[in-house]
There are 2 protein chains.
Amino acid sequence: MSKSIFYHAGCPVCVSAEHDILDLLGANSVDIVNIGENKSRIEEAEQAGVKSVPALLTPNGNVLHINFGASITDVKG
Amino acid sequence: MSKSIFYHAGCPVCVSAEHDILDLLGANSVDIVNIGENKSRIEEAEQAGVKSVPALLTPNGNVLHINFGASITDVKG
């Protein structure tokens with residue numbers, strides 16, 4: 001895995017953070033996944049250690065939880 | 001302001017996040033400030049909108065709060 005993955009759920013905090021992350025890392029360095037729309041990716045996110053969104057999964061497998069927009073449990077509902 | 005500033009307080013969560021941020025952004029793109037050791041920078045951090053550490057102040061002035069290590073109030077004490 002050489003790219004980071006930015007998980008979000010379309011909330012205002014998520015969109016703001018997404019713009020910042022894309023500016024900082026560059027669009028080619030990060031995949032964007034909306035787990036609010038793409039619920040099939042929720043399990044993958046949880047297994048990677050994502051506990052809330054927005055969150056950035058780094059290439060070395062660490063999860064940086066950014067702000068606190070929505071718990072992953074809320075996105076499932 | 002062209003660099004990001006990473007504010008932290010030396011806590012384990014902060015150190016882990018610092019390594020990730022340096023890997024992702026590159027050491028030349030980010031200044032690291034330990035407000036636990038350098039308390040004169042706390043007011044600057046608060047005025048920038050930092051509410052907890054670790055946090056990344058982006059070049060465009062947004063603050064990304066990463067995880068939740070310690071509230072800025074605790075660092076002052």
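## A cavity, a disulfide and the strands around them

A search of the whole structure, which is a predicted model, finds one cavity of 30 Å³ or more. About 60 Å³ of space lies in the largest cavity, and its lining is made up of 12 nonpolar residues, with no polar and no charged residues among them. From chain A the lining takes Ile21(A), Leu24(A), Leu25(A), Leu56(A), Leu64(A) and Ile66(A), and from chain B it takes Ile21(B), Leu24(B), Leu25(B), Leu56(B), Leu64(B) and Ile66(B). At least two lining residues are supplied by each of helix 1 (12-25) and strand 4 (63-71) of chain A, and likewise by each of helix 1 and strand 4 (63-71) of chain B. Rolling a probe the size of a water molecule over the atoms shows where empty space is left.

### Chain A

Chain A holds three helices and four strands, and from the N terminus on its elements follow the order β-α-β-α-β-β-α. Of the 77 residues in chain A, 45% are buried. Strand 3 (residues 52-57) of chain A is mostly covered, with six of its six residues buried. Strand 3 of chain A pairs with strand 1 (residues 4-8) of chain A in the antiparallel sense over three bridges, and the partner of Phe6(A) in strand 3 of chain A is Leu56(A), a residue that also belongs to the lining of the largest cavity.

### Chain B

Strand 1 (residues 4-8) of chain B is mostly covered as well, since five of its five residues are buried. Burial extends to both faces of strand 1 of chain B, with Ser4(B), Phe6(B) and His8(B) on one side and Ile5(B) and Tyr7(B) on the other. Strand 1 of chain B pairs with strand 2 (residues 30-34) of chain B in the parallel sense over five bridges, where Ser4(B) has Val30(B) as its bridge partner. Together with helix 1 (residues 12-25) of chain B, strand 1 and strand 2 of chain B make a right-handed β-α-β unit. Strand 1 of chain B is also joined by three bridges to strand 3 (residues 52-57) of chain B, and these two strands run antiparallel.

| Strand pair | Sense and bridges | Bridge partners |
|---|---|---|
| Strand 1 and strand 3, chain A | antiparallel, three bridges | Phe6(A) and Leu56(A) |
| Strand 1 and strand 2, chain B | parallel, five bridges | Ser4(B) and Val30(B) |

### Disulfide and cis peptide bonds

Over all chains, the search of the whole structure finds one disulfide, which is formed by Cys11(B) and Cys14(B) with their sulfur atoms 2.4 Å apart. The torsion about the S-S bond of Cys11(B) and Cys14(B) is about 65°, and the disulfide is therefore right-handed. Both Cys11(B) and Cys14(B) are buried.

Most residues other than glycine have a negative phi, and most peptide bonds are trans. In chain A, however, Val53(A) and Pro54(A) are joined by a cis peptide bond with omega about 0°, and Pro54(A) is found in strand 3 of chain A. In chain B, a cis peptide bond with omega about 0° joins Val53(B) and Pro54(B), and Pro54(B) has its place in strand 3 of chain B.

Key:
Residues numbered from 1 in each chain as written. Chains lettered and ligands numbered in written order. Predicted model: local features only at pLDDT ≥ 70, side-chain atom pairs only at ≥ 80, totals over all residues. Heavy atoms only, no water. Disulfide = S-S within 2.5 Å. Buried < 20%, exposed > 50% of the residue type's maximum accessible area, 1.4 Å probe, protein only. Pairing = 2+ DSSP bridges. Right-handed = clockwise from strand over helix to strand, strands pointing away. 1 Å grid on protein atoms, 1.4 Å probe; cavity = no way out; pocket = protein on both sides within 12 Å on 5 of 7 lines; lining within 4 Å. Points joined across faces, edges and corners; volume = space filled by probe spheres on them. Nonpolar A, V, L, I, M, F, W, Y, C, P; charged D, E, K, R; others polar.
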